[in-house]
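Biologist: Please show me the model, and then we can go through a few questions about it.

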Amino acid sequence: MSGMPRRTTLVVRVDPLALDAAVIDDAGARLRAGQLVVLPTETVYGLGAHALDAEAVAGIFAAKGRPRTDPLIVHLASASDVPRVAATVSETAAALAARFWPGPLTLLLPKHVGVPAIVTAGRDSVAIRVPSHPVAHAVIVAAGVPVAAPSANRFSRPSPTTAAHVLADLDGAVDLVVDAGPTAIGVESTIVDCTVSPPVVRRAGGVPIEALRHVAPDVVAIEAVAGDGEAQLAPGQLLRHYAPAARLTVYDGTPAAAEARVLREVRQATGAGRRYGLLAPQESLMALAPSIAAAASHGRVVSASLGPRREPEAAAQVLFARLRELDDAGVDEIAAILPAGEGLGAAVRDRLRRAAEGRVVSV
Ligand code: TXA
Ligand code: MG
């Protein structure tokens with residue numbers, strides 16, 4: 001890839017239940033020395049660098065092909081490290097941290113002067129998260145420094161939930177990949193802006209808003225922000241994001257209406273010789289199966305399940321892997337039926353809508 005410095009990428013496997021101290025120490029030492037180290041977290045794999053080393057952080061942007069206008073999340077081993085990177089902590093932020101850290105929650109707080117401007121893209125807030133994954137935690141402890149880490153995918157691609165996804169995008173662009181198997185949650189952390197009152201969710205993610213409200217009842221969902229909601233999102237959310245190579249359209253409505261509409265599209269497309277990917281809750285795939293059996297047997301339709309409709313956690317866990325699988329199957333187009341929005345469903349709907357770049361059909 002043009003302009004991307006080549007590195008020798010070492011891949012090491014670790015069992016998250018029986019950590020190999022030599023591997024963890026090596027990963028930590030590499031981070032301290034300014035190298036790029038890919039880490040498993042409970043959400044997605046992250047592309048880590050020493051957050052207080054501006055040159056190391058510049059390497060993240062180069063490896064990902066990410067615009068420098070899009071700030072990074074700083075990962076800490078413990079909430080007690082927050083004063084190293086944030087200037088102040090509001091009462092609400094402290095309460096959210098106490099309840100959800102370690103875990104899939106990112107807090108925006110006023111930035112500490114010691115955090116290089118490249119990390120926050122020149123903003124005066126900093127995004128902070130304490131991951132719960134035992135490997136991420138152990139490596140950050142071993143590094144002894146805060147670790148800046150975006151999702152470990154090339155810019156605009158689906159986020160990686162396995163080391164194979166990471167290597168498909170970043171082999172030769174990073175120094176080390178720590179492989180601990182598939183990530184558990186599958187979508188990124190929820191981002192809550194605690195620099196404003198009431199706090200605002202700037203990205204739906206691994207902690208559902210329903211759960212946040214138990215601690216911070218006044219927390220505002222991004223859709224509820226008056227006026228230009230898009231302007232209130234995390235900057236990275238405005239960019240082309242999570243997109244498969246195939247042209248993705250999402251369908252939103254009752255299952256029956258969405259299924260009928262998707263069936264029409266599939267018939268038209270396959271009739272015209274195009275190959276179609278179908279991404280939907282298991283029940284919808286089963287309802288559609290008899291109608292698409294012939295096309296499927298000729299490989300013109302490939303189905304990918306988001307799991308049972310009542311289990312949004314299952315959809316979150318497999319979402320990005322399914323998008324990559326459909327690309328690997330070589331389909332020209334993908335139709336996705338959106339799951340319901342409860343719990344992690346909100347994050348799944350958000351990612352699919354963004355990946356579709358505006359091609360959202362209400363039925
Ligand atoms: O679960 C996660 O959050 C994963 C794992 C690796 O921790 N990380 C992740 O990072 O998703 P990334 O870079 O793909 O997404 C971070 C988002 C971006 O949309 C970015 O714009 C936003 O966080 N962000 C970071 N710092 C910010 C700031 N100071 N103000 C507003 N948004 C910020
Ligand atoms: Mg990302």
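Modeller: Keep in mind that this is a predicted model.

Biologist: How many aromatic pairs are there, by the rule that ring centres lie within 6.5 Å?
Modeller: Tyr 242 and Phe 320 have ring centres 5.6 Å apart, with 25° between the planes. Planes under 30 degrees apart count as stacked, so this pair is stacked. By this rule the count is 1 aromatic pair.

Biologist: How many residues apart in sequence are the parts that this pair ties together?
Modeller: Tyr 242 sits in the loop between α7 and β11, while Phe 320 belongs to helix α10. The pair therefore ties together parts whose separation in sequence is 78 residues.

Biologist: Is Phe 320 buried or exposed?
Modeller: Buried means under 20% relative accessible area. Phe 320 has a relative accessible area of 0%, so the word for Phe 320 is buried.

Biologist: Which are the edge strands of the sheet of 5 strands?
Modeller: The open sheet has the order β13-β12-β14-β11-β15, with parallel pairing. An edge strand here pairs on one side only. The edge strands are β13 (301–305) and β15 (360–362).

Biologist: Which residue in β13 is the bridge partner of Gly 277?
Modeller: Strand β12 (residues 276–280) runs parallel to β13, and 5 bridges join the two. In β13, the bridge partner of Gly 277 is Val 302.

Biologist: What angle does the direction of helix α8 make with that of β12?
Modeller: Helix α8 (residues 255–271) packs on the sheet and touches β11, β12, β13, β14 and β15. The direction of α8 makes an angle with that of β12 of about 165°.

Definitions and conventions. Residues numbered from 1 in each chain as written. Chains lettered and ligands numbered in written order. Predicted model: local features only at pLDDT ≥ 70, side-chain atom pairs only at ≥ 80, totals over all residues. Heavy atoms only, no water. Phe/Tyr/Trp six-rings, centres within 6.5 Å; stacked < 30°, edge-to-face > 60°. Helix = DSSP H or I, 4+ residues; strand = E, 2+ residues; numbered from the N terminus. Buried < 20%, exposed > 50% of the residue type's maximum accessible area, 1.4 Å probe, protein only. Pairing = 2+ DSSP bridges. Contact = heavy atoms within 4.5 Å. Axes fitted to C-alpha atoms, helices over the stretch in contact; angles between N-to-C directions.
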